[in-house]
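User: Hi! I am new to protein structures and would like to go through one step by step. Could you help me read it?

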Amino acid sequence: MNILGIETSCDETSSAILRNGTVCSNVISSQLCHTSFGGVVPELASREHERLIVSITDAALTKANITKNELDVIAATAGPGLIGAVMVGLSFAQGLAYALDIPFVPVNHVEAHIFSPFISEDASRSVPEGAFVSLTVSGGHTLLSIVEPDLSYTVVGRTLDDAAGEAFDKTGKMLGLPYPAGPIIDKLAETGDPSFHLFPRALTSQSQSSKSWEGNFDFSFSGMKTAVLTWLQKQEAAFIELHKADIAASIQAAIVSVLVEKSIAAARSRCIRAISVAGGVSANSGLRNSMQRACNKEGVKLYLPEMRYATDNAAMIATLANLKLSRGMRAKRLYNVAPYASFTKAAKRHH
Ligand code: KG4
Ligand code: ZN
């Protein structure tokens, strides 16, 4: 079975072909037109998707060595995301499915991230047999969920303010780094001292607040962000420049230690022996290393996506469609865009 996956929810235009569950192609074009604006400009993103979606899809078909007439199913992100951006991919995908007279599967972008550690190029990766804890950390989401073997999941924690990726990007901007600052902080942190300055770790055992943190799986990064800003304002420009790597490493350590502590606590709370990390921030080397160390200590298996599947990509859209179809979900004919698809805390969702 050949599935075409399409992803256009933010600033990556991507098409992928999945054949019998394994990735044959995954073509991604990252939009560079937003760099000077310090963030993604929605209208520019939509126009760029519109300009590229046909050629990116053609490239994915060519790379997989098939024609569009050999497609069996088309899947696309239906939300959450920028409404105009999602609509480009969703309309294109549904139009093509209609023209080819094949089924269409709408996919939730964040759910697709959750299952991205199990994207397979050689059938070597599969969803764990038991329940697992999923930490999904991107520029727009920070979710801690418990995923059951039938793919249903319960969200047990989420951010009360900024997403983890936003915390990287915004504190990086304060350091004078371009958008997206996450990967640059990661790189700088390699040569920095993470204990150079202790930034706050809200709602954890390391937090100075008297508020109870045990059993609280929510995240908050706004206090850390303000702490970085006020601390930077008190420093000389030359001092900041000299210690850029140390400051980046300290910011990264603050974000990462919260993510690791909460994930381990969520696994303990249900005696779960597997954790997966996904979303753009799962590309962070500090997070990968710390989470691996914590999981080894805890005797928990860690699942991480391949680097190329950590950030937005269409292979994860096709993979989730395939998982759903293999578990009996019926494909749809027409589906509306859901830009604000929400994740109600502790609400169990079934596919
Ligand atoms: O999943 P994604 O590509 O798009 C969204 O759905 O948001 O995630 C993008 C986010 C950005 O905030 C970016 O700074 C962050 O992921 N990111 C990183 C790294 N690579 C991407 N953050 C920290 N370290 C990285 N290596
Ligand atoms: Zn994403």
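This is a predicted model: local features need pLDDT of at least 70, side-chain atom pairs count only at pLDDT 80 or more; totals for chains, interfaces and linings use all residues.

User: How many bridges link strand E1 and strand E2, and in which sense do they pair?

Analyst: Strand E1 covers residues 2-7 and strand E2 covers residues 12-19. Their pairing is antiparallel. As one example of facing residues, Glu7 stands opposite Ser14 in E2. The number of bridges between E1 and E2 is six.

User: Which strands are the edge strands of the sheet?

Analyst: Let's read the strand order of this open, five-stranded sheet, which has mixed pairing: E3-E2-E1-E4-E5. From one strand to the next, the twist averages 20°. An edge strand here pairs on one side only, and the two that do so are E3 (22-30) and E5 (104-108).

User: Which strands does helix H10 lie across, and at about what angle does it run to E5?

Analyst: Let's begin with another helix on this sheet: H2 (residues 83-100) touches E1, strand E4 (73-79) and E5. The direction of H2 makes about 155° with that of E4. Helix H10 (residues 315-326) lies across E1, E2, E3, E4 and E5, and its angle to E5 is about 115°.

User: What distance separates the centres of domain 1 and domain 2?

Analyst: First, the division of the chain: domain 1 is made of 2-117 + 309-349, and domain 2 is 130-304. Where they meet, domain 1 gives 25 residues to the contact and domain 2 gives 29 residues. Taken over C-alpha atoms, the distance between the two centres is 27 Å.

User: How many residue pairs are in polar contact between domain 1 and domain 2?

Analyst: The area buried between the two domains is about 2,200 Å², and carbon and sulfur atoms give 66% of that area. Across this interface the rule finds zero salt bridges. For residue pairs in polar contact between domain 1 and domain 2, the count is two.

User: Which element supplies the largest share of the side of domain 1 that touches domain 2?

Analyst: Helix H3 (109-114), H10 and strand E11 (348-349) each supply at least two residues of that side. The largest share is four residues, and the element they come from is H3.

User: Where is the cis peptide bond that involves Pro180, and what is its omega?

Analyst: Pro180 sits in the loop between helix H4 (164-174) and helix H5 (182-189). There is also a cis peptide bond from Gly79 to Pro80, with omega near -10°, and Pro80 is in the loop between E4 and H2. The bond you asked about joins Tyr179 and Pro180, with omega about -10°.

User: What is the phi of Asn65?

Analyst: Asn65 is in the loop between helix H1 (42-63) and E4. Its phi is positive, in a residue other than glycine. The value for Asn65 is near 65°.

User: What is the N to O distance in the salt bridge of Glu43 and Arg47?

Analyst: Side chains of opposite charge can pair when their charged atoms come close. Glu43 and Arg47 lie four residues apart in helix H1, about one turn of the helix. A search of the whole structure finds 13 salt bridges. In the one between the side chains of Glu43 and Arg47, the N to O distance is 2.8 Å.

Methods: Residues are numbered from 1 along each chain as its sequence is written. Chains are lettered from A and ligands numbered from 1 in the order in which they are written. Side-chain values use heavy atoms; hydrogens and water are left out. Two strands pair if DSSP finds at least two bridges between them. Axes are lines fitted to C-alpha atoms, for helices over the stretch in contact, and angles run from 0 to 180 degrees between N-to-C directions. Contact means heavy atoms within 4.5 Å. Domain bounds come from an automatic or database domain assignment. Buried area is the accessible area (1.4 Å probe) that two parts lose on being put together, summed over both. A salt bridge is a side-chain nitrogen of Lys or Arg within 4 Å of a carboxyl oxygen of Asp or Glu. A polar contact is a pair of N or O atoms within 3.5 Å; within protein, one must be able to donate a hydrogen and the other to accept it, and residues adjacent in sequence count only if both atoms are side-chain atoms.
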